[in-house]
Amino acid sequence: MLLILSTGCQKENDAEKNAVSPPSNFSSNIDVVFGETNMKAKLSKLSEQKYSIIILTPEILNGMTLDYDNGICKVTYDGLTFETDLKRFPQSEIGTLLTQALDDSDGGLITKTVTEDGNIQYKGITDYGDYRLIQDSETGHWKEFAVDGASLKIIFSDFITN
């Protein structure tokens with residue numbers, strides 16, 4: 001019995017060790033559910049700690065760009081650009097939670113495990129509680145991000161490595 005259990009643990013560790021690293025630069029469509037709000041956007045990681053999110057829906061926010069650079073968010077909409085107080089502008093806070101988790105995935109302050117379906121799951125902590133970030137272990141692409149305490153769930157699709 002001990003031999004069977006230790007073999008199973010070894011396979012999980014091997015799957016985690018053999019997982020492809022996420023690309024340093026990428027773009028992906030994201031479907032966001034934040035409380036009662038549903039949004040679609042395009043996320044791009046341009047370089048280390050530099051991200052851009054272009055909101056596609058809802059229609060009223062179409063074309064709004066949120067640029068994150070080393071923890072600072074700059075919003076551009078209809079020719080107007082400003083830095084925002086994250087508490088007054090929840091759409092920027094969504095991006096802050098996501099980009100911080102993506103940056104944390106490269107560090108050692110989070111836990112990393114293999115899920116039942118062979119994906120890699122990262123777990124960390126935000127001001128809203130624990131988060132989960134799921135990575136495809138074969139491609140390295142991000143699949144899902146969730147912060148239950150913020151009623152936030154993001155699904156990645158159409159992942160492109162730049």
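The following paragraphs go through the predicted model from the overall fold to single residue pairs. Local features need pLDDT of at least 70 and side-chain atom pairs count only at pLDDT 80 or more, while totals for chains, interfaces and linings use all residues. Residues are numbered from 1 along each chain as its sequence is written, and side-chain values use heavy atoms, with hydrogens and water left out.

The chain contains 2 helices and 11 strands; helices (H or I, at least four residues) and strands (E, at least two) are DSSP runs, numbered from the N terminus. Read from the N terminus, the elements follow the order α-β-β-β-β-β-β-α-β-β-β-β-β. Of the 162 residues, 38% are buried; buried stands for under 20% relative accessible area, exposed for over 50%, and partly exposed for values in between (1.4 Å probe, protein chains only). The accessible surface is about 9,500 Å², and carbon and sulfur atoms account for 51% of that surface; such areas come from the Shrake-Rupley method with a 1.4 Å probe, and for residues only the protein chains shown count as cover. Among contacts (heavy atoms within 4.5 Å) between residues at least 6 apart in sequence, 36% join residues at least 24 apart.

The 11 strands form an open antiparallel sheet in the order β6-β5-β4-β3-β2-β1-β11-β10-β9-β8-β7, where two strands pair if DSSP finds at least two bridges between them. Its edge strands are β6 (80-83) and β7 (111-114), each of which pairs on one side only. On average, neighbouring strands of the sheet are turned by 20° against each other, direction ignored; axes are lines fitted to C-alpha atoms, for helices over the stretch in contact, and angles run from 0 to 180 degrees between N-to-C directions.

Within this order, β11 (residues 152-161) pairs with β1 (residues 26-34) in the antiparallel sense over 8 bridges. With β10 (residues 142-147), β11 pairs in the antiparallel sense over 4 bridges. Here V147 stands opposite L152, and A146 stands opposite K153. The hairpin of β10 and β11 has 4 residues between the strands, and S151 takes a positive phi near 50° there.

S27 counts as buried because its relative accessibility is 6%. Leaving out residues up to four places away in sequence, S27 touches K42, L43, S44, D158, F159, I160 and N162.

Across the whole structure there are 3 aromatic pairs. The pair of F26 and F159 is stacked because the ring centres are 4.8 Å apart and the planes are at 15°. This pair links F26 in β1 to F159 in β11, 133 residues apart. Rings of Phe, Tyr and Trp (its six-membered ring) pair if their centres lie within 6.5 Å, and planes under 30 degrees apart count as stacked, over 60 as edge-to-face and the rest as tilted. Both F26 and F159 are buried.

The structure also holds 2 salt bridges, each a side-chain nitrogen of Lys or Arg within 4 Å of a carboxyl oxygen of Asp or Glu. D31 pairs with K40, with the closest N and O atoms 2.7 Å apart. D31 is partly exposed at 29% relative accessible area, and K40 is partly exposed at 41%. D148 pairs with R132, where the closest N and O atoms are 3.0 Å apart. D148 lies in the loop between β10 and β11 and R132 in β9 (residues 129-135), 16 residues apart. D148 is exposed at 54% relative accessible area, whereas R132 is partly exposed at 27%.
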